[in-house]
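Please keep the sequence and the coordinates at hand while reading.

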Amino acid sequence: MDKVLSNKKMIALYVLPSLLLILTIVYIPIVLTGYYGLNEWNGIGSMKFIGLENYANLMKDGKFWDSAWHSLLLALFSGLSLIIYLMISMVLAARIKGANLFRKIYLIPMLLSSVAIAQLWLRIYNPSNGILNSVLQSIGVDNPPAWLAEPSLVLLALFIPILWQYAGFYILIYYAALKNIPTSLDEAARIDGATSWQIAWKIKFPLIMETVKVTIVLAVVGSLKYFDLIFVMTDGGPNGSSEVMASYMYHTAFRAYDFGYGSATAFFLLVICLVVTWVIRWLTRSKDTIQYS
Amino acid sequence: MTGNVELQTSVNSGGWRLLGRIGYSIMYIVLIIVAIFQLFPLVWLMFFSLKNNQEVFNLPPLSLPMHPRWENYSKVWNAGNIDVYFLNSLWITVVATVLTVVLGSLVTYAITRMKWKGSSFVLGLFMVAMMIPVHSTLIPLFSFFNKVGLTDHPLSLVLSYVAFNMPITIMILLGFYYALPREVEEAAIIDGCSVNRMFFRIVLPMTGSVVATTAIINMIYNWNEFIFVNTFISSDSYKTLTVGVQNFVGQYTTDWGAIGATLMISILPILIMFLFLSDRIVEGIAAGSVKG
């Protein structure tokens, strides 16, 4: 048996196509991104090696740091909204009839393309005919704002559809984790006189801590590299007030044709995502893992 | 869970029961409000996709489309190249999904069943790739596809989709392969079955349900993908629905019915799939998210 399953040719045949593909499409490009960042390059002509100049410029580029700040705000917002998702999941997992249907309904927006979601929310926010302002006017708000055109409101207005898009995803994850907790634990706690609140926070929450950690990484890193909705809905505007790191990189490279600087931005984005992942894992590392099975 | 409910009601009594019932109602109300928030924009979209501008602007937003204007749908299907985009989305999604699932199954099989040095390193490579932001690969990929003549060619999309969905596909498959009993395979090898034959005739059919789950997840991701199409593809004949919709809607900013119909066409396949396969989709998304 071992002989058949350690045939080198067969192993190569099974693994190499995928391995080559992922090296070509994922790993070599990230190395190249770092290298392109060391050059002055318009994307078509020849490259001129300029050392760390792009990276140095990036560090003092106010516009980039503005976009990084917006990404950070989005990350904070996403991280905090996890608390709401967790609470909803706790309710959902606690003896609710139709919980399965609820979590499926919640998930629907996540299955739709960001472009469709973005276009739909553009209509919702439409200053004159959008449903939001129609409703606001009907309840007596005279001059509802043009949400996406107000530099002070645009980020908040963008956070809502992002929340809408991902709520079902995180609720689904928490719900699955909560359902994994043996009901015997719940029953034992109840017999000992624990209230629902105590059971939720003293027993269930610690037991799904590993899942919570994973979702924190997903939400924060996902926000730092977030792009789609913002790109379609505001394209970073008005006047850069909703620019995030990924859209800034895209604009630098594919609009301003500064591929060297864009590459430096893209490489920095990669480094930030990896570092933040590592930092969150390190901060939330557990000294003792709780076992219940 | 039912045992729980009985226990709850038997322990509680009198005033506590009333309080419990109120709490239960409040929980339900919260859940329903969230459900409405999640569904409401889509219902509104469906309604205005069946109206003309006059009805959209002059009637209350949630009024039913009394004379549903299906012509919005036929109009955009023919006029806006939507039919071309739809077919492109369809075949690119299917080809990329089949490739990802087959290649991913081969890798998972080699990692869980075959004995070779470096298998855990290779698995690590696939898993770490999940953390790489797509945008950090975009510029080199664009320049690479340019050099090999694949910009504005659907192959650039298929290759990118397969590569970027491979990690999550392998991750979902892994759990299933590890749990799969090996007796059948051992017996097959003793009977002199070749590796290929065993994989395609025994293992692949046995993993049918998880293959279906990964395929569905892949289809959703591929169908919705935007940034690669937007960057690599420039001619209308190769664009997929996401970018096509984006361009079309940009041109017809004032015709709400047409925009609504276009958006509905782009999301309907996913909604219909969800209607029939929701359990599998839920399972796939849960499996593909937490274990990392």
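Is A:Asp235 buried, partly exposed or exposed? In this predicted model, A:Asp235 is partly exposed, with a relative accessible area of 30%.

A:Tyr257 is placed in the loop between H13 and helix H14 (259–283) of chain A, and with a relative accessibility of 49% it counts as partly exposed.

## Packing of H13(A) with H7(B)

Two packed helices can be described by the angle between their axes together with the distance between those axes. For helix H13 (residues 245–255) of chain A and helix H7 (residues 138–147) of chain B, the angle is about 30° and the axes are 11 Å apart. Because angles under 35 degrees count as roughly parallel, H13(A) is roughly parallel to H7(B). The crossing in which H13(A) passes H7(B) is right-handed.

On the chain A side, A:Met249, A:Tyr250, A:Ala253 and A:Phe254 in H13(A) take part in the contact, and they meet B:Leu138, B:Ile139 and B:Phe142 in H7(B). By residue class, the contact of H13(A) with H7(B) comprises 7 nonpolar residues, with no polar and no charged ones.

What is the relative accessible area of A:Leu111? The value is 2%, and A:Leu111 is therefore buried, since buried means under 20% relative accessible area. The residue is found in helix H5 (residues 99–111) of chain A.

When neighbours within four places in sequence are left aside, A:Leu111 is in contact with B:Ile220, B:Asn224, B:Ile270, B:Phe274, B:Ile281 and B:Ile285. Within chain A, the C-alpha atoms of A:Leu111 and A:Gly168 are separated by 9.7 Å, while the two residues are 57 residues apart along the chain.

## Annotated spans

The UniProt record, an unreviewed entry, lists residues 68–280 of chain A for "domain: ABC transmembrane type-1". In the model, this span of chain A is 75% helix and 0% strand, and its end C-alpha atoms are 18 Å apart. For chain B, the annotation "domain: ABC transmembrane type-1" in UniProt (unreviewed entry) covers residues 86–277, a span that is 78% helix and 0% strand, with its end C-alpha atoms lying 21 Å apart.

UniProt (unreviewed entry) also lists several spans of chain A as "transmembrane region", including residues 153–177 and 259–280. Residues 153–177 of chain A are 96% helix and 0% strand in the model, and the end C-alpha atoms of this span lie 36 Å apart. Over residues 259–280, chain A is 100% helix and 0% strand, with a separation of 31 Å between the end C-alpha atoms.

Notes: Residues are numbered from 1 along each chain as its sequence is written. Chains are lettered from A and ligands numbered from 1 in the order in which they are written. This is a predicted model: local features need pLDDT of at least 70, side-chain atom pairs count only at pLDDT 80 or more; totals for chains, interfaces and linings use all residues. Side-chain values use heavy atoms; hydrogens and water are left out. Axes are lines fitted to C-alpha atoms, for helices over the stretch in contact, and angles run from 0 to 180 degrees between N-to-C directions. Helices (H or I, at least four residues) and strands (E, at least two) are DSSP runs, numbered from the N terminus. Angles under 35 degrees count as roughly parallel, over 145 as roughly antiparallel, 65 to 115 as roughly perpendicular and the rest as oblique. A crossing is left-handed if the near helix is turned anticlockwise from the far one by less than a right angle, and right-handed if clockwise. Contact means heavy atoms within 4.5 Å. Ala, Val, Leu, Ile, Met, Phe, Trp, Tyr, Cys and Pro count as nonpolar, Asp, Glu, Lys and Arg as charged, and the others, Gly among them, as polar. UniProt positions are given in the numbering used here, feature names are shortened, and annotations may be inferred rather than shown by experiment. Buried means under 20% relative accessible area, exposed over 50%, partly exposed in between (1.4 Å probe, protein chains only).
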